[in-house]
Amino acid sequence: MRILLTVFGLVGCLFSVVSATALTYKLQPNEKACFFSYAEQKGLKLAFYFAVQSGGSFDVDYSVVGPNEKIILEGTKERQGDYVFTAKEQGEYRFCFNNEMSTFAEKMVDFEIAVWLALHLNDHRSLISVIWARASCWL
């Protein structure tokens, strides 16, 4: 058992690219801000977490749009969200926050976007989730 845990630890260290870091963004009134992540291949897992920390009613509209402009997730006036989905196709995924409904309240939004590959070992009871790439963010 100890050897198995050591092997899992080494595999995780070899494939881990960046440690997990949450980002914070100040969303201005009437602003829509998008962040992007690229799935190198279909079948990867994408995780999206956000929480409104301050401003207005602590709510924001959000959307996740995949390659070919296909809407993956969307919601209105949400305080927080935590989602995981499988990339159906290779390409760029867009994660947007929308504060266009507000005329005066800025919002502070904490969020994290992660892309990873789940490796299934021969022993079906074991599953290693290895962080493959973190989000690349552009405004």
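The model is predicted: local features need pLDDT of at least 70, side-chain atom pairs count only at pLDDT 80 or more, and totals for chains, interfaces and linings use all residues. Residues are numbered from 1 along each chain as its sequence is written, and side-chain values use heavy atoms, with hydrogens and water left out.

I then searched the whole structure for aromatic pairs and noted 12 (rings of Phe, Tyr and Trp, the latter by its six-membered ring, with centres within 6.5 Å; planes under 30 degrees apart are stacked, over 60 edge-to-face, the rest tilted). Phe48 and Phe97 form a tilted pair, 5.9 Å centre to centre with 35 degrees between the planes. I found Phe48 in strand S3 (residues 45–54) and Phe97 in strand S7 (residues 91–98), 49 residues apart; strands are DSSP runs (E, at least two residues), numbered from the N terminus. Phe97 is buried, at 1% relative accessible area.

I next checked Phe50 and Tyr62: their ring centres lie 5.0 Å apart and their planes at 45 degrees, so this pair is tilted too. Tyr62 is buried at 7% relative accessibility.

Finally, I looked up Glu31, in the loop between strands S1 (23–27) and S2 (32–39). A polar atom of the Glu31 side chain lies 2.7 Å from the backbone nitrogen of Gln28.

Definitions and conventions:
Helices (H or I, at least four residues) and strands (E, at least two) are DSSP runs, numbered from the N terminus. A polar contact is a pair of N or O atoms within 3.5 Å; within protein, one must be able to donate a hydrogen and the other to accept it, and residues adjacent in sequence count only if both atoms are side-chain atoms. Buried means under 20% relative accessible area, exposed over 50%, partly exposed in between (1.4 Å probe, protein chains only).
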